[in-house]
Amino acid sequence: MTEQEQITTDLHPLHLTVNGKDVDSVLDSRISLADFLRHELRLTGTHLGCEQGSCGACTVIVDGVAVRSCLMFAVQLNGSTVETVESLCVDGQLSRLQQAFHEEHALQCGFCTSGFLMSLTAHLREHQVTNDQEAREALSGNICRCTGYAGMVKALLAVGDGESTTQ
Amino acid sequence: MKPRYFEYHQPTSIDDVLELLSEYGDEAKILAGGQSLIPMLNFRIASPAHLIDINGVAGLDQLNLTPEGVQIGATARQRTVENAPEIALSYPLVRRALVQVAHPQIRNRGTFCGSVAHADASAELPSVVLALGAQIIARSSRGERTIPAKDFFEFHLVTALSADELVVEIQLPPLAAGSNGTYVEIARRAGDFALAGVAAQAVIDEGGTVQSLRMACSGVGPVPQLLEEAAQLAIGSDLSDELLLEIDNIVRTTIDPPDDVHASANYRRVVTGTVVRRALKQLRDESGSNHD
Ligand SMILES: Cc1cc2nc3c(=O)[nH]c(=O)nc-3n(C[C@H](O)[C@H](O)[C@H](O)COP(=O)(O)OP(=O)(O)OC[C@H]3O[C@@H](n4cnc5c(N)ncnc54)[C@H](O)[C@@H]3O)c2cc1C
Ligand code: FES
Ligand code: FES
């Protein structure tokens, strides 16, 4: 066994805000943000499809921008603010975007859905989505194997008028 | 899959980065946006013993536009560069290339300098810096040096950087008045790496004559390649449709692209000619001279 294989932990303290709550932890440096959210915080709405940045299932919002949580180490997030899909539904009330996904049949198995919701939530804070082309572009960084995207395009057009997507 | 064990370092100054690099050398990797490195760690294609995260280093994220050109710091995000109004105005080539790099979620983290340092043969930005004649500023504890883009790329994923060197910034030269540029590529899906792509930067005068032109293409070899012969044909011309076809032909016969799972060599030859023709047509049409 090489020296590198024998040593297995490299601990770092971590303080961040997740969905409005302060979180303190001491963490091994090689734990991804996605695994930290899922395994340490039990926020299992964030999904992992590929762990190489391709599918978008793990998308969360960090300091206001959508990122792949499989491509960041949690220890890099000291002082950051993270929003996950669990933050969208407030007091049992779905966000406008979630409601539109529900009404337009924008999900089937749902594996990809949380990633889409977080990409689109970030997108809608800055952009309006007023036509098919804009909707498809906004969807293009995430992959869905079930729906064929048509329902998601409709859902996005239903809420893409520039109004707030969080109620 | 999870990365192999590594020791994580979070320096806060350039000097600390350089010290760590000189201590660990090729045992260490710089972590910038992580959008190429972390997939490689996750698959254990790379397993450095030390990871030096430069995201906490003060003053590395600058994006300055001065009369001497643009300075892009090591942690300036691709998305920041793409959204800067000065870049859209003065360096349309840069913006047009960046929007074709991956997806916004990746560009929110990925850095401009990291893409150049990574030197993927199919990446857009290496051919952009080559076409613009940019300079890569590399620093180590031994000192600083300036590497012209044309000497920087050595092979797919291999550059002129030594193991102890950090790219602190990339400088884009100032452009002549009336200079315009574009990036045209063919990829399997929007956001994918280019099967063939070309960065073109030209000055076309009021009469529609090409005064200067530099073109570099991605995806046709282990490093981005300047298309000098084709550019020579174009300079002094008015880029008529006939000449564009001739240039297309020259490009196809002068490049020697690889065969791989993504595309055959012959297909790459044809589409590289096509993207060059489309890029030049776009620059011609945008120059205001009326040919059609
Ligand atoms: C799904 C997906 C799709 C993508 N599609 C494209 C695409 O279409 N086109 C494209 O060009 N790219 C694409 N990329 C790659 C992306 O652009 C990366 O961000 C970029 O290649 C690397 O930049 P980074 O800042 O993320 O660097 P990192 O991943 O942090 O580093 C990459 C390499 O460069 C070295 N490095 C980084 N910065 C420095 C520095 N300042 N000095 C010395 N060495 C340094 C690192 O040590 C490492 O070896 C894609 C990535 C993903 C995940
Ligand atoms: S799991 Fe992160 S992009 Fe697929
Ligand atoms: S709903 Fe199944 S992958 Fe998208």
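The model is predicted, and local features are reported at pLDDT of at least 70, side-chain atom pairs count only at pLDDT 80 or more, and totals for chains, interfaces and linings use all residues. Residues are numbered from 1 along each chain as its sequence is written, chains are lettered from A and ligands numbered from 1 in the order in which they are written, and side-chain values use heavy atoms, with hydrogens and water left out.

Ligand 1 is surrounded by 34 residues, and the closest are I30(B), G34(B), L37(B), T111(B) and E124(B); a residue is counted here if one of its heavy atoms lies within 4 Å of the ligand. Residues of chains A and B both take part, so the site is shared between chains. By class, the shell holds 15 nonpolar, 15 polar and four charged residues. In this scheme Ala, Val, Leu, Ile, Met, Phe, Trp, Tyr, Cys and Pro are nonpolar, Asp, Glu, Lys and Arg are charged, and the others, Gly among them, are polar.

A polar side-chain atom of E124(B) is 2.6 Å from a nitrogen atom of ligand 1. On the backbone side, an N or O atom of D192(B) lies 3.2 Å from a ligand oxygen atom, and a polar backbone atom of F193(B) is 3.3 Å from an oxygen atom of ligand 1. Taken alone, ligand 1 exposes 960 Å², and the protein buries 93% of that; accessible areas come from the Shrake-Rupley method with a 1.4 Å probe, and for residues only the protein chains shown count as cover. The elements that give two or more residues to the shell are β2 (28-31), α7 (112-118) and β10 (166-172) of chain B, and α7(B) provides the largest share, four residues. Helices (H or I, at least four residues) and strands (E, at least two) are DSSP runs numbered from the N terminus.

S122(B) sits in the loop between α7 and α8 (124-132) of chain B. This serine has a relative accessible area of 17% and is therefore buried, where buried means under 20% relative accessible area, exposed over 50%, and partly exposed in between, with a 1.4 Å probe and protein chains only. Leaving aside residues up to four places away in sequence, S122(B) touches F193(B), A194(B), S218(B) and G219(B); contact means heavy atoms within 4.5 Å.

Turning to the helices, α12 of chain B covers residues 265-286, and its 22 residues should span 32 Å at 1.5 Å a residue, which agrees with its end C-alpha atoms being 32 Å apart. The expected span is 1.5 Å times one less than the number of residues. Buried residues of α12(B) include A265(B), V271(B), V275(B), A279(B) and L283(B). The buried residues of this helix pack against β11 (179-186), β12 (196-204), β13 (210-218) and α11 (241-254) of chain B. V275(B) touches V184(B), E185(B), I186(B), A196(B), G197(B) and V198(B), not counting residues up to four places away in sequence. V275(B) and I186(B) are 89 residues apart in sequence, yet their C-alpha atoms are 7.3 Å apart. Just after the helix, G288(B) takes a positive phi of about 90°.

In chain A, helix α2 (residues 33-40) has L33(A), A34(A), D35(A), F36(A) and L37(A) as its buried residues. These pack against β1 (11-18), β2 (21-28), β3 (59-62) and β5 (81-83) of chain A. R42(A) follows α2(A) with a positive phi, near 60°.

N19(A), between β1 and β2 of chain A, has a positive phi of about 50° although it is not a glycine, and at 24% relative accessibility N19(A) counts as partly exposed. R44(B), in the loop between α2 (37-42) and β3 (50-53) of chain B, is likewise not a glycine and has a positive phi of about 55°; its relative accessibility of 36% makes R44(B) partly exposed.

Finally, G141(A) lies in the loop between α5 (132-139) and α6 (150-159) of chain A. G141(A) is buried, with a relative accessible area of 3%, and touches C55(A), G56(A), R68(A), H103(B) and Q105(B), not counting residues up to four places away in sequence.

Technical notes: Polar contact = N/O pair within 3.5 Å; in protein donor to acceptor, adjacent residues only side chain to side chain.
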